[in-house]
Amino acid sequence: MRIVAQGLTYTYNPKSPFASQALKGVDLSIEEGEFFGIIGHTGSGKSTFVQHLNALIRCTGGKLQVGEFDLTDKKCDFLRLRSKVGMVFQYPEYQLFAETAEKDVEFGLKNFCKEMDEAQRAQAVREAIETVGLDYDAIRDRSPFELSGGQKRRVAIAGVIVTKPEVLILDEPAAGLDPLGKKELMDLLHSIHGGWCKTVIIVSHDMDEIAENCTRAAVFSEGRVVLCGTPAEIFSRDEKLFSLGLDVPTTAHCALLLRKHGIRIDTDFTCDDFAQKVLSLWQAERGEGQGSAAVKENSAAAKDSEEDSSPVAVKENSAAAKDSEGDSSPAATQENFDAAKDSEGDSSAAETKSADGQGGDGDAE
Amino acid sequence: MLNDVTFGQYYPAKSFVHNMDPRAKILFVIAYIVAVFLADNFFGLAAVTVFLLLGVFFSRVPFGRVLRSVKMILFLIIFTAILNLFFYSSGAELHILWQWKFITISWEAIINMVFLAMRLFLLVMGTSVLTLTTTPVALTDGIESLLTPLKWIRFPVHELALIMSIALRFIPTLMDETNRIISAQKARGADFETGGLIRRAKAMIPVLVPLLVSAFRRAEDLGDAMDARCYSGAKGRTKYKKLTFTWRDLVGLLLSAALITGIVFLNLYFGGKFAVFDWIAGNFFVG
């Protein structure tokens, strides 16, 4: 389903002293099949915008078309729209209410797919719970309130994806999760994206998350879309983002630091690509044939000469990242990039960190 | 749909009435209410209306905003007015206007109806000027201060005020939470707008359960936060915002005294509400 918004406006508490215009004319189109990111600081209108997409907020100004649904039309079938456009709110675990996890997941199914019989419903619930990586038989009869935080969130997400929406919107889905949980969640989204779920839209503060996962993204500021494009396009406008009070991914920070030392790296800001680019640059400069053991020695030696310190440290970490099959390495590499960024931090600390990161990888698998 | 209640009634503005001490305002409103019930004829009500208009004028709240508070009880006003119109009776002889079976409409009934509707109207308008110009927190502070004498009989005034302010403080928070949960359940296809009473009540379960859970979580957090700041009740506690009595409050109190005195005089001078009727009858329907 293609989503097209034209000149979308919205005002909270209109005609009162508390009136505040959240959207001041949003023009944005999201194509089917995208993994779309929405960035913006608090109060930029991003949540208001996504709530328009399944008519939780009714259109009051401008145009909005979601697939075949014209949301400015008052006769629009909102129930059918909501079954096609799933919405996972921030901290979705706070919406759990039923006596058992199974019943909670079933809630949306009962509302949307009234023609389904019990067996079909049970099958769909099982599928949804297994999709989010939980053991259906172990969890179905437990109260959602006695589950752990991560399990609660999974059950809540299962409650949304149980109807297999074509568009899935997630507001800060990774907020409050540990790094492993975040990674698992993103893996989950990628696994359903491209199947029945055609389009994924995530709202996020975490630029690394956007850079790593999204095909395209939009930056909201003061009720308007100020930047829209691929993460590579958006994050190359670092000054614009900084002036909006936003951040860039860690890889972009590193690229910025390197640029200060006269090294330009053309990257799309994903960790893999960044590491590749740095690696090829380094190989071009030093010639090939040097193993990673030599690199580690070099990094200790390079500590004194400030100019070389960051690239070499990055090289070392990217090598470590490559070792661990690039699985949960993004987290590890980021940590090490942080260490590399800090040119005064001694490299033994960086090495310990990288060792920690690898230990973490072991746990992950 | 719940946004109207989120901010309560308070209308932010800078004005004479906004700047008054909440205690003075509360006392003034009490005097005003007494005056509304004390007034026994239309002259008295007119005097109260003048006070109300002055109050609204000096509060700089748009008149329409104050009127909106009447909208909520409009039904009540109309209902009582109609009942009074058809079923008024008193010991005295009535000047009957129209009669059909057991329903009668008399001049007295009409006057009584208008009188009653005006009373209710003035009552609601006056109290909403108070809530429109005073923040809930200031109101609780005022009530706490006015109730201080009750401490002598060991009445837990401070605790009561604290409970009130916590309750008021959490209304917007819980409203937000409610809206969020309603949105989340709507996104999962919940339908709160159709069906009969029982169906709708049932539809609220997916909202009320998470709300209750989160209210308890918040209560626990708040309790911990208060413990962490060594809260131990009223003893030895000072105030951040001290209430101060200024010339404005003196003006307010003098005005309320003047209002009540004026009403008493008007009552004595012009007699009851039907005196007007007698006067009209005496002048136009002689014989």
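Helices (H or I, at least four residues) and strands (E, at least two) are DSSP runs, numbered from the N terminus. With that noted, I went to Arg154(B), which I found in the loop between α8 (136–146) and α9 (157–187) of chain B.

Before going on, I wrote down that this is a predicted model, where local features need pLDDT of at least 70, side-chain atom pairs count only at pLDDT 80 or more, and totals for chains, interfaces and linings use all residues. Residues are numbered from 1 along each chain as its sequence is written, while chains are lettered from A and ligands numbered from 1 in the order in which they are written.

**Entry 1**

I looked up phi for Arg154(B) and got a positive value near 60°, in a residue other than glycine. Most residues other than glycine have a negative phi. Is Arg154(B) buried or exposed? My rule: 20 or more other C-beta atoms within 10 Å of a residue's own makes it buried, 12 or fewer makes it exposed, and in between it is partly exposed, with C-beta atoms placed from the backbone. Arg154(B) has 7 other C-beta atoms within 10 Å, so it is exposed.

Next came Cys230(B), in the loop between α11 (205–228) and α12 of chain B. Cys230(B) is not a glycine, yet its phi is positive, about 60°. With 6 other C-beta atoms within 10 Å, Cys230(B) is exposed.

I then checked Gly262(B), which sits in helix α12 (residues 247–270) of chain B. Gly262(B) counts as partly exposed because 19 other C-beta atoms lie within 10 Å.

**Entry 2**

In what order do the six strands of the open sheet run? I read it off as β6-β7-β8-β3-β9-β10 in chain A, with mixed pairing. (Two strands pair if DSSP finds at least two bridges between them.) β6 (85–88) and β10 (224–229) of chain A are at the edges with a single partner strand each, so one side of each has no neighbour in the sheet. On average, neighbouring strands here are turned by 15° against each other, direction ignored. (Axes are lines fitted to C-alpha atoms, for helices over the stretch in contact, and angles run from 0 to 180 degrees between N-to-C directions.)

I followed β9 (residues 216–221) of chain A and found five of its six residues buried. β3 (residues 35–39) of chain A runs parallel to β9(A), joined by four bridges, and Ile39(A) stands opposite Val219(A). β9(A) also pairs with β10(A), in the antiparallel sense over five bridges; there, Val219(A) has Leu227(A) as its bridge partner. β9(A) and β10(A) make a hairpin with two residues between them, and Glu222(A) in the turn has a positive phi of about 50°.

β7 (residues 167–171) and β8 (residues 199–203) of chain A pair in the parallel sense over five bridges. Ile169(A) has Ile201(A) as its bridge partner in β8(A).

**Entry 3: the core**

Both of those isoleucines turned up again when I looked up the largest nonpolar core, which has 82 residues; Ile169(A) and Ile201(A) are among those with the most contacts inside it. (A nonpolar core is a set of buried Ala, Val, Leu, Ile, Met, Phe, Trp, Tyr and Cys residues joined through C-beta atoms within 7 Å.) α6(A) gives the most to this core, with six residues.

A second, separate core of 26 residues includes Tyr32(B) and Leu130(B).

**Entry 4: two helices and the other chain**

How do α3 (residues 101–112) and α6 (residues 149–161) of chain A cross? Their axes come within 6 Å and cross at roughly 30°. Residues of α3(A) including Phe107(A) and Gly108(A) meet residues of α6(A), among them Val155(A) and Ala158(A). (Contact here means C-beta atoms, placed from the backbone, within 7 Å.)

Last, I looked at where the chains touch: 23 residues of chain A are in contact with 21 residues of chain B. α2 (78–84), α3 and α6 of chain A each supply at least two residues of the side of chain A that touches chain B. α3(A) gives the most to that side, with four residues.

Notes
Two residues are in contact if their C-beta atoms, placed from the backbone, lie within 7 Å.
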